[in-house]
Amino acid sequence: MNLHEYQAKALFKEYGMPVPNNLVAATPDEAREAAEKLTTDKVVVKAQVHAGGRGKGRFKEHPDLGGVKVVKGADAAKQAAEHMLGSTLVTIQTGEEGKRVDCVLIEQGMDIDRELYVGAVLDREKQRVCLMASAEGGVEIEEVAEKNPDAIKKAWIDPAVGPAAYQARQLALDIGLTGQSFKNAVPFFTKLADAFVAEDCSTAEINPLVVTKSGDVLALDAKIELDDNASFRHPGWEALRDMSEEEPSEREAEKHQLSYVKLDGSIGCMVNGAGLAMATMDIIKSVGGEPANFLDVGGGASKERVAAAFKIILADKNVKGIFINIFGGIVKCDLVANGVLDAVKEVGLELPLVVRLEGTNVKAGREIIANSGLNVVAADSMADGAKKIVELAQG
């Protein structure tokens, strides 16, 4: 689950990490009032969407306006908000469709001396939280990693000990901090690591982390992604969700306990098991197709869940064909077959459908498909199924 910038900054403040003074506005008048309350001549108006690259992005309705604008005075803040609110912001991460802006963050302007980067991620290979910092802030960290990987300094946090002060000090030294900015950065880094663990984050990034001319260290931007698997520990998360930012099909899948992610391809996939789902998408690409989704019906999928998964795939207008790849273990092939046929009959399927069944009750499942009288193509193997569905969809 992603948080908006203003939500991430509120969380940082709870852990004692300094952020610029700011207020959220959902109307132009609220933006004006917020700018007046900040009592600074220069303010920054920031579009709030779940996407990076807002500063370099452009609004469809206002091509000369980006998602971050520095203005002087409350009236100018109101005018910028008028253009942003209700408009569609297109960035490198949103795709051409862009995202509608429903609120803006009004923030005090800062006297910036340096822009840095700091972030925390889970290093699955080392099975530890990795705290990263770079002197090259203000640009995409992926670009820095590609062109100058040595510029990214790292420290791995021992889960039994937590972030150590010496690690934070070394990171601060490695990115060239001295004096007051060094003293302020050290506790900032340790608090970021503490927040990452306590709040069950998948990603926590600050780009840029700014150093002012007086040596203050503040989070000028904030990006937090929370691990959905930990939601049972955080009942307050539900209030942070912005449904308008979430894919409707993914919300529908969540209701049926399905793991679903919408992609940009044309071959709908329904698979049981995350590993098999990834392999299925890979083999579709290897034969010239593009998967339209990741969809794992789970190890104990019921007939009803299979039918729901089928309908979610069909709701994607980009889908030109469907490949069902089931290896029956706990989930039985005959239940999958019945769920598929029920969904086909209910929606009146006109798209090509290829089904590969293997495992528990596979003979019964294949007989159900073969005797259905419906236009369903059977596959002998995963590779055979991928090849058939790509050919049918393209034809």
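Glu5, Lys9, Lys46, Arg54, Glu107 and Asp221 are linked in a network of salt bridges, a salt bridge being a side-chain nitrogen of Lys or Arg within 4 Å of a carboxyl oxygen of Asp or Glu. The model is a predicted one, in which local features need pLDDT of at least 70 and side-chain atom pairs count only at pLDDT 80 or more, while totals for chains, interfaces and linings use all residues. Residues are numbered from 1 along each chain as its sequence is written, and side-chain values use heavy atoms, with hydrogens and water left out.

Because Arg54 lies in the loop between β2 (42-47) and β3 (58-59) and Glu5 in helix α1, the pair ties together parts that are 49 residues apart in sequence; helices (H or I, at least four residues) and strands (E, at least two) are DSSP runs, numbered from the N terminus. Both Arg54 and Glu5 are buried, where buried means under 20% relative accessible area, exposed over 50%, and partly exposed in between (1.4 Å probe, protein chains only).

Lys9, another member of the network, lies in helix α1 (residues 5-14) and counts as buried at 1% relative accessibility. A polar atom of the Lys9 side chain lies 2.8 Å from the backbone oxygen of Leu220. Leaving aside neighbours within four places in sequence, the residues in contact with Lys9 (heavy atoms within 4.5 Å) include Lys46, Glu107, Leu220 and Asp221.

A search of the whole structure finds 19 salt bridges. One joins Asp102 to Arg100, with the closest N and O atoms 2.6 Å apart; here Asp102 is partly exposed at 34% relative accessibility, and Arg100 is exposed at 52%. Another joins Glu238 to Arg241, with the closest N and O atoms 3.7 Å apart, and in this pair Glu238 counts as partly exposed at 48%, whereas Arg241 counts as buried at 18%.

We turn now to the nonpolar interior. In soluble globular proteins, nonpolar side chains tend to be buried together. A nonpolar core is a set of buried Ala, Val, Leu, Ile, Met, Phe, Trp, Tyr and Cys residues joined through side-chain atoms within 4.5 Å, and the largest one here has 40 residues, those with the most contacts inside it being Phe12, Leu177, Phe188, Phe189, Leu209 and Ile224. Helix α6 (residues 179-198) gives the most to this core, with eight residues. Not counting residues up to four places away in sequence, Phe12 touches Met17, Val19, Leu192, Ile206, Ala219, Ala222 and Ile224. A second, separate core has 32 residues, among them Phe310, Ile322, Val336 and Ala337.

The backbone remains to be considered. Most residues other than glycine have a negative phi, and most peptide bonds are trans. Asn207 and Pro208, however, are joined by a cis peptide bond with an omega of about 15°, and Pro208 has its place in strand β11 (residues 201-212). Gln257, although not a glycine, has a positive phi of about 60°; Gln257 is found in the loop between α7 (248-255) and β14 (259-262) and is exposed, with a relative accessible area of 60%. Asn361, likewise not a glycine, has a positive phi of about 60°, is found in the loop between β18 (353-359) and α11 (362-370), and counts as partly exposed at 35% relative accessibility.

Methods:
A polar contact is a pair of N or O atoms within 3.5 Å; within protein, one must be able to donate a hydrogen and the other to accept it, and residues adjacent in sequence count only if both atoms are side-chain atoms.
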